[in-house]
Amino acid sequence: MNDTGEIKENDPYLWDGTTGYRRYEDNKTGVSPLAFVPNENAVIKVSGYEHDESGITTENADVTKKMQDKRLRKEKYLAEELKSFPAVKTYGDEKQTTALLCWGSTKGICVEIAQKLGLKVIQPIVLSPFPEHAFREAIRGIKKLIAVENNATGQLVRLIKAHGIDVDDTILKYDGRPFTLDELEKMVKEKIA
Amino acid sequence: MSQSNLDTSTPNTWCPGCGNFAILNGIKKVLNELSEEGCPPEKFVLLSGIGCHGKIVDYVNVNSFYSIHGRSIPIAEGIKMANSGLKVICFAGDGDAYGEGLEHLIFAAKRNIDITVIIHNNRLYSLTAFQYSPTSELGFKGGSTPNGSMESPLNPLELMLASQATYLARGTSQGMNLLTRLFREAIMHKGFSLVDVLQVCVTFNNLYEYYAKRVYELENHDPGDFQAAFNAIREWDYNSDSRIPLGVFYKKEAPTFDEKLISFPVDLKSRDGKIRQFLNKRM
C-alpha cells in the first residue's frame with residue numbers, strides 16, 4: 001500500500017522474451033505476460049473476438065472452451081489478489097450492531113447520518129469479483145443491516161443475496177433525486193426505532 | 001523479406017473470389033516494400049472492426065487489434081497518441097465505419113490524426129448475410145429490405161472532404177496496381193488518410209462486371225485543388241450508373257493532431273513565459 005493507503009504498487013507481469021510471445025498465453029494464474037509495441041521479437045495481437053493464445057480468431061469449440069476456462073481461472077486468481085486490497089470499507093462506530101449498507105454516491109450522506117446517529121457504515125467498493133470474505137468480516141456482529149440505495153429495485157441487496165447474505169431492511173429512493181440529509185435521517189430513524 | 005513472412009498459419013475463411021483478398025495481398029506487398037526500405041513490420045499496428053473484413057488482421061503476422069463494431073478508429077487514435085512513431089492502419093467496413101462508427105471517422109478526419117483508414121466497401125452487410133448498408137443504392141433489395149431500400153446512400157468521400165480529411169482516394173478490388181499504390185501513398189501521407197475500396201462481395205452483391213464497365217482512373221486531376229476534388233468526388237454518388245473515378249481525389253499538407261500533442265508542453269511553456277512577461281510589466 002502506498003502513502004494514500006489506497007493503491008498497492010505491483011510490478012506488471014512482463015514477458016521475459018525466452019519463448020515466442022503469445023498475448024493470451026495460458027498458464028496457472030490465467031494472467032498472460034505483457035509486451036509492448038514495437039518489439040522486434042514479439043507480434044502482439046489483441047482481439048475482442050474469441051481467440052487462441054496467440055490472439056488469432058477461433059471458431060473451434062475446444063479452443064473456445066479452453067480460453068473461457070483461462071479467463072475464469074484469471075478471475076479466481078484476481079479474487080485472491082483482491083483479498084490484500086481494501087475491497088470493503090467501513091466507517092462510523094465499529095462497535096455498533098446496526099449498520100447502513102451503501103455503494104457509490106450514497107456513501108457520503110450515509111457516513112454523515114451514521115456519525116449523527118452513532119451507526120456503522122459498510123461500503124463495498126468492488127462489486128466483481130465480489131469480495132465475499134471481506135464483506136462477511138465487515139458484517140460480523142451486525143444485528144441490523146439497512147441498505148440505502150438510490151435506485152428502484154435494491155441492486156446491491158440483490159447482489160449480496162446472490163452470495164447468501166440478507167439485509168434486514170431497505171431504504172430506496174428513485175424519484176431521480178439524491179437523498180437529502182433531513183430526509184434520510186428521518187427514514188433511518190424510522191427503521192431503527 | 002518474402003511476402004510469406006507476413007503470413008499466419010490460420011486458414012482463411014473468406015468466400016473464394018472475395019474482394020478482401022485483393023486488400024490483403026495489397027497491404028502485405030506494401031508492408032514488405034516498406035520493410036525493405038527500413039520501416040520494419042514491428043513498427044506497424046493493424047486494426048479491424050466487425051464484418052467480413054475483420055479477420056484481415058488474423059492473416060497478417062503483424063501487431064494488431066481486432067476491435068468491436070465501428071471502434072477500430074478510436075483505438076487507432078489512442079495507439080498513435082501513445083506512440084507517434086508507430087504506423088497505424090485501420091481496416092473497416094462500410095457498415096462498420098460509415099454506419100456504426102461514423103462519428104469516430106468524422107472526428108479522426110477533423111483532427112487530422114496521422115492514421116490510415118482502408119474501407120472494405122462492399123456496400124452491404126455481408127457477415128450478417130445481406131442487409132443494406134450506408135452505401136447501398138436506393139431500392140437495394142436485401143434481407144431487411146425485400147421491397148427495396150427507401151434511403152439514398154451516403155457519399156462517404158464527400159463527407160470525409162467536408163470533415164477535413166487530408167488524403168482521400170478510391171480503388172477497387174479489381175485493380176491491384178492502383179490499389180497497392182494508393183495504400184502505400186496513404187500510409188506515407190502525414191495526416192488522416194482514407195482509401196475507399198470498392199471491394200466486391202461475390203456471394204451477395206457481385207458487382208465485378210458493373211464496376212468493370214464504369215471505373216476509370218483520374219487523369220490531369222490536381223489533388224491539391226479542393227474544388228476539383230469536390231467535383232471529382234461528386235461525379236459518382238454511389239447511387240447512379242455514372243462513370244466511377246478512381247485514384248487520389250484530395251491531398252493536403254496540414255499539421256497533425258499527434259504532432260500538436262507532442263509539441264503541446266512546449267507551447268504551454270512559451271505561453272507561460274508570455275504571461276510572466278506581461279505580469280512583470282505590470283508589477
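The structure is a predicted model. Chain A contains five helices and six strands, and its contact with chain B takes 13 residues from chain A and 17 residues from chain B. The largest nonpolar core has 64 residues.

**Fold and dimensions of chain A**

- Taken along the principal axes, the box filled by the C-alpha atoms of chain A is roughly 65 × 40 × 30 Å.
- Of the 193 residues in chain A, 24% are buried.
- Among the contacts in chain A with a separation of 6 or more, 51% are between residues 24 or more positions apart.

- E50(A) lies in the loop of chain A between β1 (45-47) and α1 (61-82).
- E50(A) counts as partly exposed because 13 other C-beta atoms lie within 10 Å, while a residue is exposed at 12 or fewer and buried at 20 or more.
- Beyond its neighbours within four places in sequence, E50(A) is in contact with T57(A), T58(A), T64(A) and M67(A).
- The C-alpha atoms of E50(A) and V63(A) are 8.9 Å apart in space, and these residues are 13 apart in sequence.

**The contact between chains A and B**

- Chain A contributes 13 residues to the contact and chain B contributes 17 residues. By class, the side of chain A that touches chain B comprises seven nonpolar, four polar and two charged residues.
- Strand β1(A) runs parallel to strand β2 (residues 64-66) of chain B, and three bridges join them.
- V46(A) has F65(B) as its bridge partner in β2(B).

**Nonpolar cores**

- In the largest nonpolar core, of 64 residues, those with the most contacts inside it are C90(B), V117(B), I118(B) and L168(B). Helix α1 (residues 20-36) of chain B gives the most to this core, with six residues.
- Leaving aside neighbours within four places in sequence, V117(B) is in contact with I73(B), C90(B), A92(B), A97(B), L105(B) and L194(B).
- Another core, of 25 residues, lies apart from the largest one, and its members include V88(A), I109(A), C110(A) and A138(A).

Definitions and conventions
Residues numbered from 1 in each chain as written. Chains lettered and ligands numbered in written order. Predicted model: local features only at pLDDT ≥ 70, side-chain atom pairs only at ≥ 80, totals over all residues. Helix = DSSP H or I, 4+ residues; strand = E, 2+ residues; numbered from the N terminus. Contact = placed C-beta atoms within 7 Å. Nonpolar A, V, L, I, M, F, W, Y, C, P; charged D, E, K, R; others polar. Pairing = 2+ DSSP bridges. Core = buried A, V, L, I, M, F, W, Y, C linked by C-beta atoms within 7 Å.
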